[in-house]
Amino acid sequence: ELVARAVHLGSPRKDKPFVVVECAALTGDALEKELFGQETASSAGTPAIRRGRVEQADGGTLFLDDMAALTPDLQVKLLRLLQDRRFERVGGSTPIEVDVRFVMATNTDLAKKVEEGTFREDLYYRVNVVQIHLPPLRERREDIPLLVAHFVAKFTADNNMKQQKSFSTQALNYLTGYDWPGNIRQLENVVESCMVLVPGNVIEEENLPAEIRDEESQFKSAVDLLPVQLDLADTLQKIEAALIRRALVRADLVQVKAAELLNISKSLLQYKLKKYGITGH
């Protein structure tokens, strides 16, 4: 929706309506009336008219979220609207012309749905004009610190907090390393929870939810970032060197403590430091 709104605001239509329809939130009949409006007879003889979202978006942008939820009948009606730029209200017979930009979103593979016969092929090719792929949060981890700072500032302002809290470097490292199956909404919820529950001004790693601090989850996330085709021996050496550097940092560059963290002897640690060219006290 944010991308659709950005497209709208960056276009000549920016002063016209931006209308959102959550397709999965309504059943077939209700969604049809929501999109196309309705005409019903009245005792006065003049039909009562309810303008639908398509009509409300005239001149502007209509954003259809989760369009894969459209029923076959609605797919046909939407296809006709896209082709003719006109439609009829439910219960009406007068064609209504509109000038609307359509932006549609889906989190499912529409091409696969076409193969399965649950989504019209002609509609698929009609809407598949300009694609904007939004990768999941785990594939753009460089955004996570920026999003955390944004949510912290937003929550601080919304709740009139006198002092803005912050996440420690180690806490941010854990947030960046997590897989985020719930994407940005999950990240926002975690930030808000920490802002509410942590009494101090600095949110540390121990204040984060347990699933984020889980070492196995963190390691899996790191492995998922690796390319599929790679040299196994070289990659294992890079991982080993990275773990040694992290252990040294956690041990304040004291080799004995770093060796204990890695569960190896000090002599083996010194051998690997020399092997990978890592300096430490």
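1. Asp66 comes out as partly exposed, because its relative accessibility is 23% and partly exposed covers the range between buried (under 20% relative accessible area) and exposed (over 50%), using a 1.4 Å probe and protein chains only. Asp66 sits in the loop between strand S4 (61–65) and helix H4 (72–84). Its phi is near 60 degrees, a positive value in a residue other than glycine. Helices and strands here are DSSP runs (H or I of at least four residues for helices, E of at least two for strands), numbered from the N terminus.

2. A word on provenance before going on. This is a predicted model, where local features need pLDDT of at least 70 and side-chain atom pairs count only at pLDDT 80 or more, while totals for chains, interfaces and linings use all residues. Numbering runs from 1 along each chain as its sequence is written, and side-chain values use heavy atoms, with hydrogens and water left out.

3. Trp180 also has a positive phi, about 50 degrees, although it is not a glycine. You'll find Trp180 in the loop between helix H8 (169–177) and helix H9 (183–197). Its relative accessible area is 0%, so Trp180 is buried.

4. Now the rings. The structure holds three aromatic pairs, where rings of Phe, Tyr and Trp (its six-membered ring) pair if their centres lie within 6.5 Å, and planes under 30 degrees apart count as stacked, over 60 as edge-to-face and the rest as tilted. Tyr124 and Tyr125 are edge-to-face because their planes stand at 70 degrees, with ring centres 5.1 Å apart. Tyr124 counts as buried at 15% relative accessibility, whereas Tyr125 is exposed at 54%.

5. Trp180 turns up again in another of these pairs: with Tyr178 it is edge-to-face, 4.8 Å centre to centre and 90 degrees between the planes. Tyr178 counts as buried, at 8% relative accessibility.

6. On overall shape, the protein has a radius of gyration of 27 Å, but a compact globule of 281 residues would be near 19 Å. That radius is taken over C-alpha atoms, and the globule rule is 2.2 Å times the number of residues to the power 0.38. The C-alpha atoms fill a box of roughly 95 × 50 × 35 Å along the principal axes. There are 14 helices and nine strands.

7. Buried residues make up 33% of the 281. The accessible surface comes to about 17400 Å², of which 51% belongs to carbon and sulfur atoms; the areas come from the Shrake-Rupley method with a 1.4 Å probe, and for residues only the protein chains shown count as cover. Of the contacts with a separation of 6 or more, 67% are between residues 24 or more positions apart, a contact being heavy atoms within 4.5 Å.

8. Ala258 belongs to helix H13 (residues 255–262) and is buried, with a relative accessible area of 0%. Leaving out residues up to four places away in sequence, Ala258 touches Ala247, Leu248, Ala251 and Leu269. Its C-alpha atom is 47 Å from that of Asp109, 149 residues apart along the chain.

9. Last, Pro47, in the loop between strand S2 (38–40) and strand S3 (48–50). Pro47 counts as partly exposed at 39% relative accessibility.
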